Amino acid sequence: VQLQAFGGGLVQAGGSLRLSCAASRINIDNYAMGWYRQAPGKQRELVAAISSSGGTDYANSVKGRFTISRDNAKNTVYLQMNSLKPEDTAVYYCNAKRRTNWPLRDYDYWGQGTQVTVSS
């Protein structure tokens with residue numbers, strides 16, 4: 001299973017970036033997808049998540065600025081980031097999670113991360 005994240009880069013404060021995460025060897029239809037980030041010296045934190053049915057959840061720090069979406073036909077999840085702030089600087093990771101009831105299995109996959117740097 002591979003989750004390839006791309007779209008990161010260097011942007012000025014107030015700018016926008018769109019991250020993409022393309023999955024291979026799984027169908028994301030059945031997975032909850034999420035974006036996490038980890039800044040230097042800090043723990044990894046959840047930024048945004050989208051359920052298999054399309055429900056979304058966001059960290060308070062990004063509500064109103066970031067939007068997560070999914071395109072199951074393209075097996076891809078996106079994170080649109082607007083009004084970026086220097087504190088958004090981090091490595092952003094894509095995640096796919098699924099639990100099957102029988103047999104009981106947890107599936108948890110991570111991408112390699114993409115760097116987002118916001119300059120002030």
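Reader: In which strand is the place of Arg 105?

Author: Arg 105 belongs to strand E10, which covers residues 104–110. The model is a predicted one, so local features need pLDDT of at least 70 and side-chain atom pairs count only at pLDDT 80 or more, while totals for chains, interfaces and linings use all residues. Residues are numbered from 1 along each chain as its sequence is written, and side-chain values use heavy atoms, with hydrogens and water left out. A strand here is a DSSP run of type E with at least two residues, a helix is a run of H or I with at least four, and both are numbered from the N terminus.

Arg 105 has 44% relative accessibility, so it counts as partly exposed. The class lies between buried, under 20% relative accessible area, and exposed, over 50%, with a 1.4 Å probe and protein chains only. If neighbours within four places in sequence are set aside, Arg 105 is in contact (heavy atoms within 4.5 Å) with Arg 98, Arg 99 and Thr 100.

The peptide bond between Trp 102 and Pro 103 is cis, with omega about -10°. Most peptide bonds are trans, and most residues other than glycine have a negative phi.

Two residues in other loops have a positive phi without being glycine. One is Arg 25, with phi near 70°, in the loop between E3 and strand E4 (32–38). Its relative accessibility is 70%, so Arg 25 counts as exposed. The other is Asn 75, with phi of about 55°, in the loop between strand E7 (66–71) and E8. At 14% relative accessibility, Asn 75 counts as buried.

Asn 75 belongs to the hairpin of E7 and E8, where four residues lie between the strands. These two strands are antiparallel and share six bridges; strands count as paired if DSSP finds at least two bridges between them. One of the bridges sets Phe 66 against Met 81 in E8. Five of the six residues of E8 are buried, leaving the strand mostly covered.

E8 (residues 76–81) is also joined to E3 by six bridges, again antiparallel. Across this pairing, Arg 18 stands opposite Gln 80 and Ser 20 stands opposite Tyr 78. E3 (residues 17–24) in turn pairs with E1 (residues 2–6) in the antiparallel sense over five bridges, and Leu 3 has Ala 23 of E3 as its bridge partner.

As for the whole protein, there are 11 strands and zero helices. The radius of gyration is 14 Å, close to the 14 Å of the globule rule for 120 residues, so the protein is as compact as a globular protein of that length. That radius is taken over C-alpha atoms, and the rule is 2.2 Å times the number of residues to the power 0.38. The C-alpha trace spans about 50 × 30 × 25 Å along its principal axes. Of the 120 residues, 39% count as buried. Among contacts with a separation of 6 or more, 55% come from residues 24 or more positions apart.
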